[in-house]
Amino acid sequence: MVDSISDRELLELAAKAVGYWNKEFNCFNGPLSWDPLKNDADAFRLMVQLKLRINYDTVIEYDVVEVLGPEQDDFSCDCTAYTIEDDQCAAVRRAIVHAAAKIGKQLVDRK
């Protein structure tokens, strides 16, 4: 699972999902200042590269953002949801990175 890992580990797994990870040297190999947890443009590119979909909803009295992963062969998709509090953009960025990290983790686990 990627629910209880550090931001650094989330970013590493997300980088693996989009090919920004150097397997030979086990280090980051993408754009120098890439940080989709803090940068809207990086998060948007990550979303586009992985074909993630975003949905906003209200559950009980809370606003939430859901990021849906790519559709699988059985038409299912993984969903990552975050409650939107003060910083809506930060919640969306974190949900995108979390969804990307799940994809990166699946890639790592398959090997």
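A crossing of two helices is called left-handed if the near helix is turned anticlockwise from the far one by less than a right angle, and right-handed if clockwise. In this predicted model, local features need pLDDT of at least 70 and side-chain atom pairs count only at pLDDT 80 or more, while totals for chains, interfaces and linings use all residues. Residues are numbered from 1 along each chain as its sequence is written, and side-chain values use heavy atoms, with hydrogens and water left out.

Helix α1 (residues 7-17) passes helix α3 in a left-handed crossing. Helices (H or I, at least four residues) and strands (E, at least two) are DSSP runs, numbered from the N terminus. The axes of α1 and α3 come within 7 Å and cross at roughly 65°; such axes are lines fitted to C-alpha atoms, for helices over the stretch in contact, and angles run from 0 to 180 degrees between N-to-C directions. Where the two helices meet, α1 contributes residues including Leu 10, Leu 13 and Ala 17, and α3 contributes residues including Val 97, Ala 101 and Leu 107. Contact here means heavy atoms within 4.5 Å.

Helix α3 itself covers residues 88-110, and its 23 residues reach 34 Å from the first C-alpha to the last, close to the expected 33 Å. That expected span is 1.5 Å times one less than the number of residues.

Three strands form an open sheet in the order β3-β4-β5, with antiparallel pairing. Strands β3 and β5 stand at the edges with a single partner strand each, so one side of each is left without a neighbour in the sheet. Neighbouring strands are turned by 25° against each other on average, direction ignored. Helix α3 packs on this sheet, touching β3, β4 and β5, and its direction makes about 155° with that of β5.

Two strands pair if DSSP finds at least two bridges between them. Strand β3 (residues 53-59) is joined to β4 by seven bridges, and β4 to β5 (residues 79-83) by five. On the β5 side, Val 64 stands opposite Thr 83. In the hairpin of β3 and β4, which has two residues between the strands, Ile 60 takes a positive phi near 55°.

Strand β4 (residues 62-68) is mostly covered, with five of its seven residues buried. Buried means under 20% relative accessible area, exposed over 50%, and partly exposed in between (1.4 Å probe, protein chains only). Tyr 56, in strand β3, counts as exposed at 52% relative accessibility. Leaving aside neighbours within four places in sequence, Tyr 56 is in contact with Val 64, Val 65, Ile 84 and Val 92.
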